[in-house]
Amino acid sequence: MESSNALPIFNIVNFDDYNNCMCFEDNFYVRRFSEHVKENTFIEKPHSHDFFLILLITQGLGKHIIDFTEYEVAPGSMFILSPGQVHQWMLSHDIEGYILFFTKKFFLHDFATSRLTRFPFFNSTFTSPFLKLDQENVASVFLKYKLMCSEYSKRKNDYQEIIRMYLNALLLELARYYPLKKRNKYTLPYDILQLNKFEALIDKYFKLHRPLSCYAERMNISERQLSYLCKKTVNKKPSEIMLERIILEAKRLIIHSDLSIAAISEELNYNDSSYFIRLFKKATKQTPEQFRRKQHIEVYEEEQFFWNGFLG
């Protein structure tokens with residue numbers, strides 16, 4: 001990866017095939033996965049998106065690393081990523097499946113925000129982006145991809161609306177397969193909306209280290225209500241959620257940028273780098289330098305092991 005102080009954040013127009021699209025396809029994209037990885041080689045390096053991504057694997061093997069967690073790529077693997085998540089993959093040459101992108105704007109054209117956030121994999125940043133489907137479920141999901149691809153390529157009257165209907169059906173089906181243990185069945189849709197609002201505010205202001213009262217005020221609730229909301233929905237304190245976002249950004253900068261630890265501390269608005277190092281070590285049990293060294297070694301060894309398995 002070229003020296004950079006920030007990860008690339010791609011939008012749909014960055015991907016090959018866009019020039020063949022019409023109307024407002026900068027909000028939607030669907031292709032066979034083999035074609036996608038072949039014609040968009042820049043995605044081999046760590047990056048994030050400003051859109052939602054849903055990937056079904058039907059053939060091939062590999063590894064998919066999403067915000068420092070490694071997942072298996074194999075037939076039946078399903079990945080559901082939200083905007084902002086950083087990912088990278090190592091894939092065998094026979095990889096196949098279907099991938100689609102869509103923006104919030106595209107989905108909300110026919111559906112309300114509440115419908116999008118009701119899906120368990122979009123409830124919060126703490127939900128897993130991975131599903132393992134059995135053969136029967138793969139066939140059902142595969143069919144919906146095929147239907148969307150057909151509408152996408154033919155572009156007959158009202159094809160965008162039909163695609164959104166198929167997309168909604170796909171999301172509803174995937175919600176059935178999502179592990180119930182990841183969800184709090186007593187959480188109300190309103191609570192999920194409020195949690196999403198809190199996380200969106202954190203994502204916008206976490207570098208400013210604003211007090212909890214500022215977030216509660218913007219949400220028109222009390223600090224006590226905000227604490228109860230976080231405890232009820234994800235069993236965490238608001239301060240824990242805020243700190244986890246800071247640590248996640250620190251990890252991204254440590255691994256995916258060429259910034260020094262002092263510069264990363266400054267980027268995250270910590271004037272005292274010693275304090276930042278202590279904070280990071282308390283949260284991860286490693287210093288930033290130890291984390292950087294360990295991750296680089298593990299990624300290198302993983303890549304060597306993976307490719308030696310295919311080429312050796």
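**View 1. T127 and its contact partners.** Setting aside neighbours within four places in sequence, T127 is in contact (heavy atoms within 4.5 Å) with P120, F121, F122 and Y178. Its side chain reaches the backbone oxygen of F121 at 3.1 Å. T127 sits in the loop between helix 3 (113-118) and strand 10 (130-132); helices (H or I, at least four residues) and strands (E, at least two) are DSSP runs, numbered from the N terminus. With a relative accessible area of 14%, T127 is buried, where buried means under 20% relative accessible area, exposed over 50% and partly exposed in between (1.4 Å probe, protein chains only). T127 and V234 are 107 residues apart in sequence, yet 9.6 Å separates them in space, C-alpha to C-alpha.

The model shown here is predicted: local features need pLDDT of at least 70, side-chain atom pairs count only at pLDDT 80 or more, and totals for chains, interfaces and linings use all residues. Residues are numbered from 1 along each chain as its sequence is written, and side-chain values use heavy atoms, with hydrogens and water left out.

**View 2. N137 in helix 4.** Here you can find N137 within helix 4 (residues 135-154). N137 is buried, at 16% relative accessible area. Beyond its neighbours within four places in sequence, N137 is in contact with E173 and Y177.

**View 3. D158, with a positive phi.** Most residues other than glycine have a negative phi. The phi of D158, however, is near 60°. D158 lies in the loop between helix 4 and helix 5 (159-177) and counts as exposed, at 53% relative accessibility.

**View 4. N269, not a glycine but with a positive phi**. Phi of N269 is about 70°. Look for N269 in the loop between helix 10 (261-267) and helix 11 (273-284), where N269 is partly exposed, with a relative accessible area of 40%.

How values were computed:
Polar contact = N/O pair within 3.5 Å; in protein donor to acceptor, adjacent residues only side chain to side chain.
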